[in-house]
Amino acid sequence: AGAWAAMSGNGHRPVTARIITVWNIAGGVGKTTIASSLAYLASQRGYPTLLIGMGSPPDDLPMMLRLSPEPNLAHWPQNPTIEGLRVITQKVGSMNVLGGFVDDMAAGQMASANRDSPGSFQSLINTAIREYAVVVIDTPPSSQAALALGVSNHLVLVGTPSMASAMRTAEAYRMVFERMAGMHSLSETT
């Protein structure tokens, strides 16, 4: 609750949108479960919430939430507008969900898009923060992680209680704070 304590005048939106990347360089540590739970709790507290899956092929998030794999993140470049975003999301209770990629080709196309192009992941996030107070990104241990980490203002590193997982989590932390220093470019709009 502390992360969402700073409120605007209407009492329903944080002053700054929370873009939370849930990630680790290891797979199978519970990232999708944690991301889904964070998004669900935020939506239950009344925050307009979007949960984005970035997995491929195919993304586990829709299956876990009993949603259709279509539409998904690959549809964003076809209509990169607020209306286009509304069309490609699915509802789970009061939370909106945007499933990830169904194949590696679509994931590669988004990864190679220019950050400033209308169909880029950056554009998706800049559009989403006009509608959502909380955006949670379920990020796989793949090249897609750089897209999510580059737009986030919060990071949740997920690991399991083992020495190997602790070492992978420490490496993920080092990578984010050393290799990606200065790469964050979230717009200042709320």
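**Figure 1. The whole chain, element by element.** Seven helices and six strands make up the secondary structure of the chain. The model is a predicted one. Starting at the N terminus, the elements follow the order β-α-β-α-α-β-β-α-α-β-α-β-α. The chain has 190 residues, and 46% of them are buried. Its accessible surface is about 9,000 Å². Carbon and sulfur atoms hold 58% of that surface. Take the contacts in the chain with a separation of 6 or more: 77% of them join residues 24 or more positions apart.

**Figure 2. Confidence along the chain.** The mean pLDDT is 82. A value of 70 or more is reached by 86% of the residues. Two stretches need care. Over residues 1-14, pLDDT stays under 50. The model has 29 contacts beyond four places in sequence for this stretch. Over residues 185-190, pLDDT again stays under 50. Here the model has 19 contacts beyond four places in sequence.

Figure 3. Strands of a sheet pair through backbone hydrogen bonds, either parallel or antiparallel.

Figure 4. Strand β2 covers residues 49-53. Five of its five residues are buried, so the strand is largely enclosed by the rest of the structure. In a regular strand the side chains alternate between the two faces of the sheet. Look for this pattern in β2. Thr-49, Leu-51 and Gly-53 point one way. Leu-50 and Ile-52 point the other way. All of these residues are buried.

Now look at the pairing. Four bridges join β2 to strand β4 (residues 95-98), and the two run parallel. Five bridges join β2 to strand β5 (residues 134-138), also in parallel. Thr-49 has a bridge partner in each neighbour: Met-95 in β4 and Val-134 in β5. Gly-53 has Asp-138 as its bridge partner in β5.

**Figure 5. Asn-72 in its loop.** Asn-72 sits in the loop between α2 (60-64) and α3 (82-88). Is Asn-72 buried or exposed? Its relative accessibility is 1%. The cut-off for buried is under 20%, so Asn-72 counts as buried. Its side chain reaches two backbone atoms. One is the oxygen of Pro-69, at 3.0 Å. The other is the nitrogen of Ala-74, at 2.9 Å. Which residues does Asn-72 touch, leaving out those up to four places away in sequence? They are Ile-88, Leu-98, Gly-99, Gly-100 and Val-102.

**Figure 6. Arg-115 and helix α5.** Arg-115 lies in the loop between α4 (104-112) and α5. Its relative accessible area is 36%, and Arg-115 is partly exposed. The side chain of Arg-115 makes a polar contact with the side chain of Gln-122, at 2.5 Å. Gln-122 is one of the buried residues of α5. Helix α5 spans residues 121-128 and is mostly covered. Seven of its eight residues are buried. Besides Gln-122, the buried residues are Phe-121, Ser-123, Leu-124, Ile-125, Thr-127 and Ala-128.

Figure 7. Helix α6 runs over residues 144-151. This helix is mostly covered, with seven of its eight residues buried. They are Gln-144, Ala-145, Leu-147, Ala-148, Leu-149, Gly-150 and Val-151. Follow Gly-150 back to the residue of the previous view. How far apart are Arg-115 and Gly-150 in sequence and in space? In sequence, 35 residues separate Arg-115 and Gly-150. In space, Arg-115 and Gly-150 are 10.0 Å apart, C-alpha to C-alpha.

Notes: Residues are numbered from 1 along each chain as its sequence is written. This is a predicted model: local features need pLDDT of at least 70, side-chain atom pairs count only at pLDDT 80 or more; totals for chains, interfaces and linings use all residues. Side-chain values use heavy atoms; hydrogens and water are left out. pLDDT is the predictor's confidence in each residue, from 0 to 100. Contact means heavy atoms within 4.5 Å. Buried means under 20% relative accessible area, exposed over 50%, partly exposed in between (1.4 Å probe, protein chains only). Two strands pair if DSSP finds at least two bridges between them. A polar contact is a pair of N or O atoms within 3.5 Å; within protein, one must be able to donate a hydrogen and the other to accept it, and residues adjacent in sequence count only if both atoms are side-chain atoms. Accessible areas come from the Shrake-Rupley method with a 1.4 Å probe; for residues, only the protein chains shown count as cover.
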